[in-house]
Amino acid sequence: MSISQETSRRWQMLAIIVAIGLLVWLLAPVLMPFAVAAMLAYLSDPLADRLERLGLGRALAVSIVFVLLILVIAAALLLLIPLIARQVENLVQNFPFYVEWARAKAVPWLQAKLHLDPKAFDTDRLVDQIKQHIGSIGTVLGKLSRSGLGVVAWLTNVVLIPVVWFYLLRDWDRLVAWIDRMLPRSVEPTVAHLARESDMVLGAFVRGQLLVMLALAIYYGVALTLIGISVGPLIGMVAGLLSFVPYLGFITGFAAAIIASLVQHGDWTHLMMVVGVFIIGQLLEGYVLVPRLVGEKIGLHPVAVIFAVLAGGYLFGFLGVLLALPAASVILVLLRYLAQRYRQSDLYTEKGEPDSVFVDEDVTVNDGEASVHVAGHNDKP
């Protein structure tokens with residue numbers, strides 16, 4: 001292949017990639033249910049494949065997996081929704097106690113320790129602002145519900161996700177084979193290898209991270225409830241849900257549990273028990289759950305996860321946050337591949353000649369000061 005043909009082929013591939021990226025960016029507002037359905041299909045495809053290996057047909061295997069997972073999700077919602085409702089009701093009932101505790105104890109302590117202006121912590125003004133914002137949110141939600149557009153869009157997504165999930169799961173293998181056939185033959189081996197490696201990373205990271213989130217939510221919720229924190233289950237669910245961002249779940253849950261303990265009990269015993277619960281939770285996450293369920297070799301760096309979530313949210317909104325971890329896992333595989341290609345390229349392996357400017361340069365240090373003497377340039381006969 002000539003240089004002009006190779007250059008033309010690369011420009012064509014770049015144009016295709018840019019066009020796909022632009023299309024995804026333009027359609028991001030309507031892609032959310034399809035992205036959720038694709039993730040569910042990807043996560044449930046191994047179960048259908050395993051049933052196929054046992055001798056079942058694809059349609060029957062997909063139907064069994066789909067029905068079982070729908071029942072599991074429905075059972076989880078039936079258990080969680082009443083629990084969350086009771087916890088939120090408990091939080092709302094105790095909200096005046098939280099405000100009074102902040103006004104009587106927390107704010108004076110901060111003012112005394114940090115020497116802050118008393119006007120900076122005007123709790124009455126803060127509560128009024130919170131009420132105003134809550135009222136404005138309720139007004140917006142009311143307008144949306146009255147217009148019917150918000151309700152229709154929400155119901156459409158709820159109905160659309162399981163439908164798209166079923167059809168994607170049924171045709172998953174055919175879709176993968178079709179994508180493989182449509183790839184340019186010159187890059188098909190490389191793309192196939194990267195796809196297999198990405199699948200390994202996604203399978204280990206995404207599925208493992210979901211199990212870690214579930215385990216942490218159960219642990220924090222049960223442990224905080226056992227030590228007497230009334231909103232312990234709610235704090236545990238929030239901490240587990242936010243744990244996909246490194247340390248965010250821990251910081252949020254720990255701060256909320258400390259405040260709840262001080263307001264509800266106000267003694268050092270419960271405060272130390274909360275600290276112990278979260279210390280054990282961090283040890284459990286770092287030394288048991290993540291190594292066993294996610295794997296240290298393919299885990300993403302915490303900074304990479306935080307950047308991926310923020311960048312995804314900024315570019316694509318909620319869809320970007322939803323796809324941040326899968327996209328980051330695939331990007332990790334691509335960066336490894338590019339690093340290997342770079343180390344094999346002439347740019348990295350070709351040795352350069354010493355720069356003539358620095359060949360005769362002589363650096364000497366006299367009394368802590370460095371002086372540079374360049375032979376052949378400033379020498380006098």
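Student: Are Arg58 and Asp49 buried or exposed?
Tutor: Both Arg58 and Asp49 are buried. Please keep in mind that this is a predicted model. The relative accessible area of Arg58 is 14%, which is under the 20% that marks a buried residue.

Student: What do the side chains of Arg58 and Asp49 form where they meet?
Tutor: They form a salt bridge, with 2.8 Å from N to O. The side chains of Asp49 and Arg58 also make a polar contact at 2.8 Å.

Student: Why can such side chains pair at all?
Tutor: Side chains of opposite charge can pair when their charged atoms come close.

Student: Where is Asp49 placed, and which residues is it in contact with, leaving aside neighbours within four places in sequence?
Tutor: Asp49 belongs to helix α2, which covers residues 28-53. With neighbours within four places in sequence left aside, Asp49 is in contact with Arg58 and Asp173.

Student: How far apart are the closest N and O atoms of Asp173 and Arg58?
Tutor: They are 3.5 Å apart, and Asp173 forms a salt bridge with Arg58.

Student: Is Asp173 buried or partly exposed?
Tutor: Asp173 has a relative accessible area of 36%, so it is partly exposed.

Student: What about Asp45: what does it form with Arg58?
Tutor: Asp45 forms a salt bridge with Arg58, and their closest N and O atoms are 2.8 Å apart. This pair links distant parts of the chain, with Asp45 in helix α2 and Arg58 in helix α3, 13 residues apart. Asp45 has 8% relative accessibility, so it counts as buried.

Student: Which residues are linked in a network of salt bridges?
Tutor: The network links Asp45, Asp49, Glu52, Arg58 and Asp173.

Student: And how many salt bridges does the count come to?
Tutor: The count comes to six salt bridges.

Student: Changing topic to rings: how many aromatic pairs does the structure hold?
Tutor: The structure holds ten aromatic pairs. One of them is formed by Phe66 and Phe166, which are edge-to-face, with 5.3 Å from centre to centre and 70° between the planes. That pair links distant parts of the chain: Phe66 is in helix α3 (residues 58-114) and Phe166 is in helix α5 (residues 149-170), 100 residues apart.

Student: Why is Phe66 called buried and Phe166 partly exposed?
Tutor: Phe66 is buried because its relative accessible area is 16%, which is under the 20% limit. Phe166 has a relative accessible area of 22%, so it is partly exposed.

Student: Why is the pair of Phe166 and Tyr167 edge-to-face?
Tutor: The ring centres of Phe166 and Tyr167 are 5.6 Å apart and their planes stand at 80°, so the pair is edge-to-face. An angle over 60 degrees is what counts as edge-to-face. Tyr167 itself counts as partly exposed, because its relative accessibility is 46%.

Student: Which residues do ring pairs link into a cluster?
Tutor: The cluster consists of Tyr219, Tyr220, Phe250, Phe254 and Phe278.

Student: Now the surface: which residues make a nonpolar patch?
Tutor: Leu22, Leu23, Trp25, Leu26, Leu27 and Val30 make a nonpolar surface patch of about 590 Å². Helix α1 (residues 3-26) gives the largest share of the patch, with four residues. Leu22, for example, is in helix α1, and it is partly exposed because its relative accessible area is 46%.

Terms used. Residues are numbered from 1 along each chain as its sequence is written. Side-chain values use heavy atoms; hydrogens and water are left out. Helices (H or I, at least four residues) and strands (E, at least two) are DSSP runs, numbered from the N terminus. A polar contact is a pair of N or O atoms within 3.5 Å; within protein, one must be able to donate a hydrogen and the other to accept it, and residues adjacent in sequence count only if both atoms are side-chain atoms. Contact means heavy atoms within 4.5 Å. Patches are made of residues with over 30% relative accessible area and no salt bridge: like charges are joined within 9 Å, nonpolar side chains (Val, Leu, Ile, Met, Phe, Trp, Tyr) within 5 Å. Accessible areas come from the Shrake-Rupley method with a 1.4 Å probe; for residues, only the protein chains shown count as cover. A salt bridge is a side-chain nitrogen of Lys or Arg within 4 Å of a carboxyl oxygen of Asp or Glu. Buried means under 20% relative accessible area, exposed over 50%, partly exposed in between (1.4 Å probe, protein chains only). Rings of Phe, Tyr and Trp (its six-membered ring) pair if their centres lie within 6.5 Å; planes under 30 degrees apart count as stacked, over 60 as edge-to-face and the rest as tilted.
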